[in-house]
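Here is a short report on one protein chain.

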Amino acid sequence: MIPIELILLFSGGFLCLAIFASKLAAYSGIPALILFLGLGMLAGSDGLGRIQFDYPAIAQAIGVVALVLILFSGGLSTHWTEVKPVLRKGISLATIGVFITALSVALFTHAFFGFTLYEGLLLGAIISSTDAAAVLTILRAKAVHLRGRLKPLLELESGSNDPMAVVLMLGMLALIQNPDASPLSLIPFFIAQ
């Protein structure tokens with residue numbers, strides 16, 4: 001068992017490195033997410049830190065909490081008066097846009113890599129959602145000035161497309177695991193979700 005003092009020391013040092021990485025990202029223009037991924041890889045089992053971590057349930061719980069905090073933060077800092085005029089377009093992009101992107105990836109991977117359509121849709125669902133943290137951070141930190149209603153549209157779409165991607169991903173997993181199921185069985189699942 002590792003002493004709690006070492007865990008706290010390492011966690012504090014890693015937190016300091018993360019803060020330094022975010023400051024470096026702000027000055028250099030390198031996306032902070034890339035630096036954080038690099039830090040995680042360095043700390044991991046194949047990196048310098050040699051941290052052995054094989055607890056997918058804990059990683060999922062931390063990821064869900066982080067996603068909730070990111071979306072909550074984005075929702076608090078998004079002004080309703082700016083988003084209201086682009087609500088229909090933003091929700092359309094967040095739902096239909098995610099589905100069209102996933103379908104495009106599915107057709108491409110089916111044609112060129114031999115994936116089944118369900119496997120292609122699963123891959124498409126995984127990559128179809130824009131990263132709300134990245135979009136909101138870049139828009140706010142860099143004081144990006146976009147014309148007209150484009151900035152609130154991007155904020156709304158990136159902050160609300162994750163549920164569609166998650167439901168699509170779960171639906172494709174269910175269809176892959178149960179090939180006898182009909183794709184129409186996803187309609188009640190989608191409505192319930």
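## Ground rules

Helices (H or I, at least four residues) and strands (E, at least two) are DSSP runs, numbered from the N terminus. This is a predicted model, in which local features need pLDDT of at least 70, side-chain atom pairs count only at pLDDT 80 or more, and totals for chains, interfaces and linings use all residues. Residues are numbered from 1 along each chain as its sequence is written, and side-chain values use heavy atoms, with hydrogens and water left out.

## Overall fold

The protein chain has 10 helices and zero strands. From the N terminus on, the order reads α-α-α-α-α-α-α-α-α-α. The C-alpha trace spans about 55 × 45 × 35 Å along its principal axes.

Of the 193 residues in the protein chain, 23% are buried. Buried means under 20% relative accessible area, exposed means over 50%, and partly exposed lies in between (1.4 Å probe, protein chains only). The chain exposes about 13400 Å², and carbon and sulfur atoms supply 73% of that area. Accessible areas come from the Shrake-Rupley method with a 1.4 Å probe; for residues, only the protein chains shown count as cover. A contact means heavy atoms within 4.5 Å. Among contacts between residues at least 6 apart in sequence, 55% join residues at least 24 apart.

## Helix H1

The expected span of a helix is 1.5 Å times one less than its number of residues. H1 has 25 residues and should span 36 Å; its end C-alpha atoms are 35 Å apart, which agrees. Its buried residues are Ala18, Ala21 and Ala25. They pack against helix H2 (32-43). Gly29 follows H1 and has a positive phi, near 90°.

An α-helix has 3.6 residues a turn, so residues three or four places apart point the same way.

Helix H6 (residues 117-128) has 12 residues. Its first and last C-alpha atoms are 15 Å apart, close to the 16 Å expected. Gly120, Leu121, Leu122, Gly124, Ala125 and Ser128 are buried in H6. The buried residues of H6 pack against helix H5 (87-113) and helix H9 (162-177).

H9 has 16 residues, and its end C-alpha atoms are 22 Å apart, in agreement with the 22 Å it should span. Its buried residues include Asp162, Met164, Val167 and Leu168. Gly171, Met172 and Leu175 are also among them.

## The largest pocket

Rolling a probe the size of a water molecule over the atoms shows where empty space is left. On a 1 Å grid over the protein atoms alone, a pocket is an open set of points where a 1.4 Å probe fits, with protein on both sides within 12 Å along at least five of seven lines; lining residues have an atom within 4 Å of a point.

The largest pocket has a volume of about 450 Å³. Grid points are joined across faces, edges and corners, and the volume is the space filled by probe spheres set on the points. Among its lining residues are Ile2, Phe10, Phe14, Phe53, Tyr55 and Ile62. H1 gives the largest share of the lining, five residues. Helix H1 (4-28) and helix H3 (56-77) each supply at least two. The lining divides into 10 nonpolar, two polar and no charged residues. Here Ala, Val, Leu, Ile, Met, Phe, Trp, Tyr, Cys and Pro count as nonpolar, Asp, Glu, Lys and Arg as charged, and the others, Gly among them, as polar.

## Two single residues

Trp80 sits in helix H4 (residues 80-83). Trp80 counts as exposed because its relative accessibility is 52%.

Ser182 lies in the loop between H9 and helix H10 (186-192). Ser182 is partly exposed, with a relative accessible area of 34%.
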